[in-house]
Amino acid sequence: MFNDFPLFPDAASSIANDIDAFYFFMVGVCGLLALVVVCLIFFFALKYRRRHPDEIPSGEEPPQWVEVVWIVVPFFILMGMFFWGAWLYFQVSRPPDDALDIYVTAKQWMWKFQHVGGQSEINALHVPVGRPVRLIMASEDVIHSFFVPAFRVHTDVLPNRYSFNWFEATKVGKHHLFCSEYCGTEHSGMIGSVFVMEPADYEVWLSGGAQGSPADEGKKLFEKLACDSCHATSSTGRGPSLVGLFGQIRPIQGGSAVKADENYLRESILNPQAKIADGYQPIMPTFRGQVNEEQLMRLIAYIKSLGARTQQGSTQPVSSGGNQIPGSPATTTGNGRELPTQSGSNVTQPSPTSTNSPIPAQDTP
Amino acid sequence: MTTAVIDRIPIETEENYLNASYGVKSWLLTKDHKRIGILYLLAITVMFFVGGFFATMMRLELLTPQGDLMTSDTYNKFFTMHGIIMIFFFLIPSIPAVLGNFILPIMIGAKDLAFPKLNLLSWYIYMIGAIGGTYVVIAGGVDTGWTFYTPFSTQYSNTHVIATTLSAFITGFSSILTGLNFIVTIHRMRAPGLTWFRLPLFVWSMYATSVIMILATPVLAITLVLLIVERALRVGIFDPALGGDPLLYQHLFWFYSHPAVYIMVLPAMGVVSELVAAFSRKRIFGYKFVAFASLAIAFLGFLVWGHHMLVAGISVYSAMIFSILSFLVAIPSAIKVFNWTATLYKGSVSYDTPMLYALGFIGLFTIGGLTGLFLAALGLDVHVHDTYFIVAHFHYIMVGGAVMAYFGGIHYWWPKISGRMYPEWWGRLSALLVFVGFNLTFFPQFILGYLGMPRRYHAYVPEFQVLNVMSTAGASILAIGYAVPAIYMIWSLKYGKIAGNNPWGAAGLEWTTTSPPPAHNFDETPIVTWDAYEYRPPEEAAVVTVV
């Protein structure tokens, strides 16, 4: 236990060093303040210790202006901290436009990742180094939280709503993934690994295990659910055409407008009456209970693939080279959930740096 | 004895509140605020050790990375019940209901609180809640975390969620009644001449606390009722599967539970003001700044709840508002720390046990407060949210802060409560053990948190073990530090030195009456002609004017 004893986490994302710099600034400033207080207490307590039991001090006090000093000076220090922190938060909150989308489904007690090329994996996530990755996350049950300490990213994953997270890995290797929002019995077992790979290795990895991209699967589902009977590709259907919809600002009944993003599409599938596109009748039935989280993600991926105005490069499905087996989507099972030996038991995963056996095994759980 | 001007000549009387009447009934039906304070003391001490048991078991489990001492479900129940018991049944009532009940009316020269029967009722309500909590422990526990987050608590947990939330709901009413009682008492029952700015700072902080209790606790009550309704009747409020919103729950819960932090720490600040003044024999520097800082904390404390949700999916702009307000609430806290420190300047500082606790409080609270800034800073919170960093932070505030002050206050007023002195050497030893044990327990957790160890983890990855072992080692020292006072306090009831009216040579009305005080506190209503903490050399004492 004493061999591996880190005191500071790995910094493996583009934001990590910025956050660490801020952290060291905070440690320095706060440490200095604490040191001043502690030293003053020791100094005063020793210097002015009681010399005899009946001693009554003179009652002399420091000058009153020190009050102003220790209100005004901390105020400006605090505001400096606020602005630095807020500036970082803006960066953490705004993914770049060219980010690679990965869909994440969290449930008690596993992480499931769906790549746009059709690969899916459990408790393991393969990403290329040096490319921004945007996670589109939803939970199937309780609240979870996606936390990769080495990336300094952290976002709660909510049921019935998409939350987003992004990072750009800068260091090839394997990093811990934790669920950090308490989610029940196996909360501490809801962990996995993020494998950061060289782009070439990543391409090789992608070429194996693809089972039909989410968009392709979504298209099948779209037809199976007969969505296309109303949402035809022409604009003559009972419902609005979905071609080119994603990312647009759409007028809705009542005079306002809404951006057709993931959460809007999700709401429109599960709760169609909430926001009705201007010029159409509120006749769409709900699909709540008929589609699960993963199917929802596929439907949305399909709608996005019908034309995206804002997400060039990220929403076009990567050409899937894999054979298409109908039925259950293949998954590459990552490290198991048992603790703490999971780090060594990852037999089905290619080493993130290895080019020898980069093809993920295709075992369906 | 001291030459302090407030050293009134007491009227010696054999009768005091302890021997005024005898028998169980005379205690269980008492309307004497002092006896009710004792009843609270007994009840919360039991709860403190129950909560401490769960903490001990958790620390033992965390000695090794594997979950090997207990199952995950048991561990989850233990941290949940540790939190619920320590917060709802120990920390929130600790200083207000024990020390506040006992000492506040005496401090302001009153015979009792404004509503003595209501005060007794509040204890019974507390007991019903505490018995409910104990029932949950015996019946098999609850595993939601003390925060009861939905939809886990309403849909997924198979444990005693309704019994637990109902107990917390009931206990809330005892808080409300105590707060109400204090506010009316402080307004209406101050002794003649005791103007607002002559009040001891403990009274100011209890006033601020009471305001929070009255305004925030009903929100918790409503929230818990909504939770029970959803869980029992499947009415969709928070659960998205039923059309509810889980973030709504978090907003409502933290609207109470962040101010609840100030319910725990404001009284502690009040106690520390008393201790620093008494053991440096000086008026608190910047009295009005400290007094208004309490009110500022109470006010701003209502506006910062969103900083618990910075990664939960609130908008960037609301996160910024909550962040800046959280930074602002640090200012009144900082004012207090600086003023206590400045009070020591040219004082007459003694190292009695209560003062050791008070100085320990200032150090630990400073660390707790400063690390709070890390969490208020948006960019950093993104990393340390829900990790051991926050576990360490709030333990520095609640244990290093509130519990240290509570222990200091108990030692300080013990001579008044019991009429006898605790053994000073043992007292100092326990203060030292608590300080060392506390830091060893919780400081490594800051490092663990930045490393990325999430909170509420039954098992963890092996590289976190060394710091966890340090933490557990510290916890065992801390446990001894807490057990020792329990033993010598009981010992001192019989064998302690007779304290006398004012063993510390302290200012304050409570030290002018006998120890223990008579049932009605004062044989004559005191008339106050001096400011709080009026320590003067004898030649200046005559200058004090009557208003």
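Predicted model: local features only at pLDDT ≥ 70, side-chain atom pairs only at ≥ 80, totals over all residues.
Helix α3 of chain B (residues 72-107) packs against helix α4 of chain B (residues 116-139) at an angle of about 160°, and the two axes lie 11 Å apart. Here the axes are lines fitted to C-alpha atoms, for helices over the stretch in contact, with angles running from 0 to 180 degrees between N-to-C directions. Helices (H or I, at least four residues) and strands (E, at least two) are DSSP runs, numbered from the N terminus. The crossing of α3(B) and α4(B) is left-handed, a term for a near helix turned anticlockwise from the far one by less than a right angle, with clockwise giving right-handed. On the α3(B) side the contact is made by B:Met81, B:Ile84, B:Ile85, B:Phe89, B:Pro93 and B:Asn101, and on the α4(B) side by B:Asn119, B:Tyr126, B:Ala130, B:Gly133 and B:Val137. Two residues are in contact if their C-beta atoms, placed from the backbone, lie within 7 Å. Eight of the residues in this contact of α3(B) with α4(B) are nonpolar, three are polar and none is charged. In this grouping Ala, Val, Leu, Ile, Met, Phe, Trp, Tyr, Cys and Pro count as nonpolar, Asp, Glu, Lys and Arg as charged, and the others, Gly among them, as polar.

Residues are numbered from 1 along each chain as its sequence is written, with chains lettered from A and ligands numbered from 1 in the order in which they are written.

From α11(B), B:Thr353, B:Leu356, B:Tyr357, B:Gly360, B:Leu364 and B:Thr371 meet B:Glu424, B:Gly427, B:Arg428, B:Ala431, B:Phe435, B:Phe438 and B:Phe446 of α14(B). The residues of this contact of α11(B) with α14(B) comprise seven nonpolar, four polar and two charged.

Between the chains, 80 residues of chain B are in contact with 78 residues of chain A. On the chain B side, at least two residues each are supplied by α3, α5 (152-156), α10 (316-344), α11 (353-376), α12 (378-384), α14 (424-451) and α15 (465-495). The largest share of that side, 15 residues, comes from α10(B). By type, the residues of chain B that touch chain A divide into 49 nonpolar, 23 polar and eight charged.

Chain A has six helices and 13 strands. Of its 365 residues, 42% count as buried, meaning that 20 or more other C-beta atoms, placed from the backbone, lie within 10 Å of a residue's own; 12 or fewer make it exposed, and values in between partly exposed. Among contacts in chain A between residues at least 6 apart in sequence, 71% join residues at least 24 apart. In helix α3 of chain A (residues 199-207), the buried residues are A:Asp201, A:Tyr202, A:Trp205 and A:Leu206. These residues lie on the same side of α3(A), because they cover an arc of only 140° around the axis, the arc being that of the directions from the helix axis to the C-beta atoms. The buried residues of α3(A) pack against β4 (124-128) and β10 (192-197) of chain A.

A:Ser145 sits in strand β6 (residues 144-148) of chain A and counts as buried, with 26 C-beta neighbours inside 10 Å. Leaving aside neighbours within four places in sequence, A:Ser145 has contacts that include A:His154, A:Cys179 and A:Glu181, along with B:Val311 and B:Asp386 of chain B.

A cis peptide bond joins A:Gln108 and A:Trp109, with omega about -5°, and A:Trp109 lies in the loop between β1 (100-107) and β2 (110-115) of chain A. In chain B, the peptide bond from B:Thr150 to B:Pro151 is cis, with omega near 0°; B:Pro151 lies in the loop between α4 and α5. A:Asn123, not a glycine, has a positive phi of about 55° and is buried, with 24 other C-beta atoms within 10 Å.
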